[in-house]
Amino acid sequence: MTASPTHMKWWGWGDEQTEFDISDKPELWPFIRESVGISGEGDRTPPVQFDDLTLPLPRINSAFRAALGGTLGGDRLFTNKRERLVHAYGKSFRDLWRIRRGIVEAAPDGVIYPETEAEVATLIAAAADHDVVLIPFGAGSNIAGCVEAAHDERRMVVALDLRRMDQVLELDAESGTARIQAGVMGPHMEQQLNAQGFTLGHFPDSFLFSTLGGWIATRSAGMQSDRYGKIEDMVVALRMVTPSGTIETRTVPRSSNGIDVKHLCIGSEGTLGVITEAVMQVHRIPEIRLPYGYLFPDFEEGVNAI
């Protein structure tokens with residue numbers, strides 16, 4: 001079985017090899033103190049050590065685990081401390097404040113990395129049969145508490161990490177559409193599209209550490225949304241596995257009849273099912289790209305300029 005995908009650092013943003021060193025920026029901290037109004041030097045608060053963290057004991061539903069072993073083969077359920085920890089919280093200020101201080105009140109009891117839509121369907125069916133909670137997990141950059149287990153939950157909770165489903169499956173250059181698995185990270189998706197001369201054109205702040213399925217489930221906006229639209233403008237069709245079956249919307253640009261089921265799935269935050277793939281509107285890479293940025297001394301001056 002392949003190794004689990006690389007995770008962000010459990011105590012902050014970015015991978016564990018990335019840090020911001022201010023030792024060669026002597027004017028930065030005085031500027032921050034003056035701008036924010038901090039008196040004194042302030043206390044440094046590094047995160048607690050990993051070995052000092054205590055997680056709630058995992059609750060293992062033996063019938064669910066046995067069902068997985070019988071259908072998926074082998075032990076696909078990760079229950080070690082690090083896997084549970086990196087899937088416990090998102091990356092909001094509240095999440096990082098708690099985890100840096102060692103406050104982990106709830107964590108998934110296990111983590112599973114499905115590799116196909118069929119495996120996702122098997123997991124959801126087993127969870128429904130054995131009363132297990134599944135939390136779809138993209139890359140963990142959520143800031144709305146959507147990947148956090150309920151603190152009073154008594155059932156087994158499993159994080160469903162989709163990042164092994166990370167391929168651009170098809171690209172139709174004539175219609176400008178691509179069928180893409182939902183677990184693909186932003187940079188890896190763009191690499192695959194760029195190799196064929198295309199781009200999705202969706203670049204949210206979390207681009208480096210978020211997935212296509214996460215963008216769809218959270219109704220994401222990006223830095224070029226004024227050109228290509230928000231994520232819901234890019235989704236032509238999608239597939240979402242639910243406890244009652246798989247929803248597959250039609251690959252058509254527009255529909256004029258009935259309720260738009262696609263838009264019930266977009267922004268559903270993982271509450272209705274697990275998005276496994278989508279047909280996306282893609283665009284040819286521009287021949288010339290000229291990015292501009294503007295700085296203003298304060299918010300009011302920026303508003304006046306606009």
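Predicted model: local features only at pLDDT ≥ 70, side-chain atom pairs only at ≥ 80, totals over all residues.
In soluble globular proteins, nonpolar side chains tend to be buried together. The largest nonpolar core here has 27 residues, and Leu200, Ile216 and Met280 are the ones that touch the most other members. At least two residues of this core come from each of strand E5 (177-181), helix H6 (186-194), helix H7 (212-217), helix H9 (231-234), strand E7 (235-242) and strand E9 (274-281). Helix H7 provides the largest share, four residues. Once neighbours within four places in sequence are set aside, the contacts of Leu200 include Met189 and Leu193, Leu212 and Trp215, and Met234 and Met280. Leu200 is also in contact with Glu190, Gln281 and His283. Another core, of 18 residues, lies apart from this one; among its members are Leu72, Met156, Leu162 and Val241.

Helix H4 spans residues 93-100, and Asp95, Leu96, Arg98 and Ile99 are buried within it. These four lie on the same side of H4, because they cover an arc of only 165° around the axis. The buried residues of H4 pack against helix H3 (81-86). After H4 comes Gly102, which has a positive phi, near 80°.

The cysteines complete the description. Zero disulfides are found in a search of the whole structure. For Cys146, the closest cysteine sulfur is that of Cys265, and the separation of 16 Å is too far for a bond. A disulfide would require the sulfur atoms to be within 2.5 Å. Cys146 is partly exposed, at 28% relative accessible area, whereas Cys265 is buried, at 1%.

Key:
Residues numbered from 1 in each chain as written. Heavy atoms only, no water. Buried < 20%, exposed > 50% of the residue type's maximum accessible area, 1.4 Å probe, protein only. Arc of directions from axis to C-beta. Contact = heavy atoms within 4.5 Å. Core = buried A, V, L, I, M, F, W, Y, C linked by side-chain atoms within 4.5 Å.
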